[in-house]
Amino acid sequence: MLYAVVDIETTGGFASGNAITEISVLVYDGQEIIKRFETLINPEMDILPYIEALTGISNDMVKDAPRFKEVADELYELLLDKVFVAHNVNFDFSFIKHHLSLSGYELNAQKLCTVRLSRKLFPGHGSYSLGKLCAALGIPVHNRHRAGGDAEATAILLGLLIKSDLEGLIAQTLNRKAKEQLLPPNLSRSQIDRLPRVPGVYYFKDQKGEIIYVGKAKDIQKRVYSHFTGSNIGKQRQEFLKNIHSVDFEICGTELMAFILEAAEIKRLWPENNRALKHHEQKYALYVFEDQNGYMRLGIDKYKKQMPILHSFNTLLEGHNLLRSLIKEHILCEKLCYVQTKRIACTAHIEGKCSGACVGKESAASYNVRVKYAIEYLKGMLPTFAVLDKGRNEEEQSCLLVEQGKFYGMGYISYHTDIEGPEMLKSVLQPYPSDNYILNMISNYTAQFPQKKIVI
């Protein structure tokens, strides 16, 4: 078996927006290096000062070097039919595969990561960076942060790994059916193997144990694996994968519960890599407050997290339509409900349909009675129901509670539980914040499976 031990220096940390400045490839047969390839590359872009300080490669050094496309043919032939080896292999591979593709070559190779192998065969080290690991193992590193020196050290490390591989770990890793080589360098296979094949929520964590991403899944293990497939070479994804050190999970009875838990956890934890669900916010809400003259006033305004609301809406039109129906049903004042603001008296008063609260003819005490009835009427309009479905095992069923149009919470109850009312369920369910995103999911689900909805 032949290995192509690769190291590159670049202008930045992700392939799609950066270029290679130096390449070293050592063809290694497991015992000795049988061929060497090393060259500076003109990146056709500026090398930033901090990159120059790290690698020692300056713009002057590469100005007369070949461009990548000029060495692409030789490089491709050198890598063809060999195991691509690097320390944090996905980084080097992503750069070379991307730039080869721009030159008309499609590189498909088996990959071997010396970071991952070292973690398994040489456990217990505080750091698995190339410099610190080599120092701990007594491997000399000459010309650190240059492609030739780092590739030479990686080849020596690979030799030690091959000698220490008494259980055929390398062969298992290179098995084309094995998915391990897809995994980020800091995430162990054992973390993946413990993931269940059931609905739930998973949490990616960084080196400090901080949650950096929350996701939901119908099949947790399959979904987690899917994060590591594909060919996205952008900065965001490369940084994301590099920072994943562990994964945790919570099993849910149904996929719907996983969706809801994901939404709630993202709002609770606000992980840096979750973006889409951060924008599923309620936009408008119906409020009630008492003005300085003692009149209770209903009004639609932008949703405010810290203020108590009567009901929330996705659109301003939806909110005003509901408010107008309450005004009509309970003979409320358009002006005091902010539906009409520019006239001294509201249109309804002029037409004889308003008792004159807007111009002080009706007392606050009299007017407020109708406002309170309107609020109670609204609560009666909003449904209270439970959604019963599969549990996490055969001894339980999942239960979601919506009370007066707001999601209360969810949990698990016995199949033998008699549902007598919302208060009984509230004593055993976990409360969660309600929003329109969650309510829409529940509404769509009960429309698809009406037999699972129990009105209470």
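Helix α13 (residues 316–330) and helix α15 (residues 364–381) cross at roughly 125 degrees, and their axes come within 10 Å. The two helices are therefore oblique to each other (angles under 35 degrees count as roughly parallel, over 145 as roughly antiparallel, 65 to 115 as roughly perpendicular and the rest as oblique). The model is predicted: local features need pLDDT of at least 70, side-chain atom pairs count only at pLDDT 80 or more, and totals for chains, interfaces and linings use all residues. Residues are numbered from 1 along each chain as its sequence is written, and side-chain values use heavy atoms, with hydrogens and water left out.

**Contact of α13 with α15**

- The crossing of α13 with α15 is right-handed; a crossing is left-handed if the near helix is turned anticlockwise from the far one by less than a right angle, and right-handed if clockwise.
- Leu322, Leu326, Glu329 and His330 of α13 make the contact with Arg370, Tyr373, Ala374, Tyr377, Leu378 and Met381 of α15, where contact means heavy atoms within 4.5 Å.
- This contact of α13 with α15 comprises 7 nonpolar, 1 polar and 2 charged residues (Ala, Val, Leu, Ile, Met, Phe, Trp, Tyr, Cys and Pro count as nonpolar, Asp, Glu, Lys and Arg as charged, and the others, Gly among them, as polar).
- Axes are lines fitted to C-alpha atoms, for helices over the stretch in contact, and angles run from 0 to 180 degrees between N-to-C directions.
- Helices (H or I, at least four residues) and strands (E, at least two) are DSSP runs, numbered from the N terminus.

**Contact of α5 with α7**

- Helix α5 (residues 114–121) packs against helix α7 (residues 147–164) at about 40 degrees, with the axes 10 Å apart.
- That angle makes α5 oblique to α7, and their crossing is left-handed.
- Thr114, Leu117, Ser118 and Leu121 of α5 meet Thr154, Leu157, Leu161 and Ser164 of α7.
- The residues of this contact of α5 with α7 divide into 4 nonpolar, 4 polar and no charged.

**Mixed sheet**

- An open sheet of 5 strands has the order β3-β2-β1-β4-β5, with mixed pairing; two strands pair if DSSP finds at least two bridges between them.
- At the edges stand β3 (33–40) and β5 (111–113), each with a single partner strand, so one side of each has no neighbour in the sheet.
- Neighbouring strands of this sheet are turned by 20 degrees against each other on average, direction ignored.
- Strand β1 (residues 3–10) pairs with strand β4 (residues 83–86) in the parallel sense over 3 bridges, and Val85 in β4 is the bridge partner of Val5.
- Helix α5 packs on the sheet, where α5 touches β4 and β5 and makes about 50 degrees with the direction of β5.

**Antiparallel sheet**

- Another open sheet has 5 strands in the order β15-β14-β13-β12-β16, and its pairing is antiparallel.
- The edge strands are β15 (430–431) and β16 (453–455), each with a single partner strand, so one side of each is left without a neighbour in the sheet.
- Strand β14 (residues 406–414) runs antiparallel to β15, joined by 2 bridges; Met410 has Gln430 in β15 as its bridge partner.
- Helix α12 (residues 255–269) lies across β13 (396–403) and β14, at about 130 degrees to β14.
- Helix α17 (residues 436–448) also packs on the sheet, touching β12 (385–390), β13, β14 and β16, and its direction makes about 70 degrees with that of β12.
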